[in-house]
Amino acid sequence: MASEPNSSVDEEKDLPFLISLLDKEDKVEFVQKFRKDFQQQIEEKKLSKTAYYKFLNGYAPSDERVLEIAEMDENAKEWIIERVKEKSKKALEIIGRLRGDGSVYANYTSADKKVQVKAILIEEDEHGIIKISGDVANSSEPNIYHVKILVINDWVSFSCSCEAGAHGFLCPHVIKLYNVYRKYTNKFEEVEEG
Ligand SMILES: [Zn+2]
């Protein structure tokens with residue numbers, strides 16, 4: 001089933017899959033954080049008090065239980081997504097390091113805290129052409145901009161999906177991504193931010 005191309009948009013399986021990635025510590029924290037939802041389940045006779053006290057004492061609830069809570073509380077669902085996101089980032093970072101394929105999932109904020117690099121991927125082909133791609137955001141808004149930078153010897157070309165970028169201007173997203181790239185390679189001079 002996992003090999004079906006559209007399996008990634010199967011909502012009925014998406015949330016259970018994310019929940020399956022939580023470990024015992026995550027679930028125990030989840031109970032503490034969403035006590036009120038568990039208490040509501042007691043009132044609705046969906047959960048016994050004994051089970052609830054067990055959870056409070058460090059027993060992990062089942063995936064099915066966590067799913068029920070996530071389906072009744074949007075914040076709980078959001079919490080699960082965030083937790084798995086953090087873990088995935090860490091996992092990808094480790095994989096990138098172990099494989100040395102240059103992919104790094106990052107979270108860098110610029111010195112003035114205005115621009116944030118969410119992800120960066122660095123690829124170098126056999127001709128020495130370096131392709132840097134990344135997701136960059138302004139800290140003040142949710143939009144993610146896609147930045148691409150090509151480095152061919154001393155020649156640099158860039159593009160960004162933001163408005164300034166669409167007009168061919170060098171925007172803060174490109175500068176920040178370039179600087180994060182530089183931190184990894186130390187090959188090029190850092191560009192002034194701001
Ligand atoms: Zn931009």
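This is a predicted model: local features need pLDDT of at least 70, side-chain atom pairs count only at pLDDT 80 or more; totals for chains, interfaces and linings use all residues.
Residues are numbered from 1 along each chain as its sequence is written, and side-chain values use heavy atoms, with hydrogens and water left out.

**Overall build**

- The protein has 8 helices and 6 strands, where helices (H or I, at least four residues) and strands (E, at least two) are DSSP runs numbered from the N terminus.
- Read from the N terminus, the order of elements is α-α-α-α-α-α-β-β-β-β-β-β-α-α.
- Of the contacts between residues at least 6 apart in sequence, 40% join residues at least 24 apart; contact means heavy atoms within 4.5 Å.

**The zinc site**

- The zinc ion has as its protein donors Cys160 (SG), Cys162 (SG), Cys171 (SG) and His173 (ND1), at 2.0 to 2.3 Å.
- Donors are N, O and S atoms within 2.8 Å of the metal (3.2 Å for Na, K and Ca); water is not among the atoms, so sites may look incomplete.
- The site is tetrahedral, with angles of 107 to 113 degrees among the 4 donor atoms.
- Four donors count as tetrahedral if all angles lie between 85 and 135 degrees.
- Along the chain, the spacing of the zinc donors is C-x1-C-x8-C-x1-H.
- Cys160 and Cys162 are both buried.
- His173 belongs to helix α8 (residues 172–185) and is buried, because its relative accessible area is 4%.
- Apart from neighbours within four places in sequence, His173 is in contact with Val115, Val136, Asn138, Tyr145, Val147, Cys160 and Cys162.

**Packing of helices α3 and α5**

- Helix α3 (residues 35–43) packs against helix α5 (residues 63–72) at an angle of about 100 degrees, and their axes are 10 Å apart.
- This angle makes α3 roughly perpendicular to α5, a term for angles of 65 to 115 degrees (under 35 is roughly parallel, over 145 roughly antiparallel, and the rest oblique).
- On the α3 side the contact is made by Asp37, Phe38, Gln40 and Gln41, and on the α5 side by Arg65, Glu68, Ile69 and Met72.
- By class, this contact has 3 nonpolar, 2 polar and 3 charged residues; Ala, Val, Leu, Ile, Met, Phe, Trp, Tyr, Cys and Pro count as nonpolar, Asp, Glu, Lys and Arg as charged, and the others, Gly among them, as polar.
- The axes are lines fitted to C-alpha atoms, for helices over the stretch in contact, and angles run from 0 to 180 degrees between N-to-C directions.

**Loop residues**

- Most residues other than glycine have a negative phi.
- Lys45, a residue other than glycine, has a positive phi near 60 degrees.
- Lys45 sits in the loop between α3 and α4 (49–56) and is exposed, with a relative accessible area of 75%.
- Asn153 is also not a glycine and has a positive phi, of about 50 degrees.
- Asn153 lies in the loop between β5 and β6 (155–160), and its 65% relative accessibility counts as exposed.
- Ser139 is in the loop between β4 (130–138) and β5 (144–152), and at 39% relative accessibility it is partly exposed.
- Ser139 and Val115 are 24 residues apart in sequence, while their C-alpha atoms are 5.5 Å apart in space.

Conventions
Four donors count as tetrahedral if all angles lie between 85 and 135 degrees; four count as square planar and six as octahedral if opposite donors are over 155 degrees apart and all others between 65 and 115; anything else is irregular. Buried means under 20% relative accessible area, exposed over 50%, partly exposed in between (1.4 Å probe, protein chains only).
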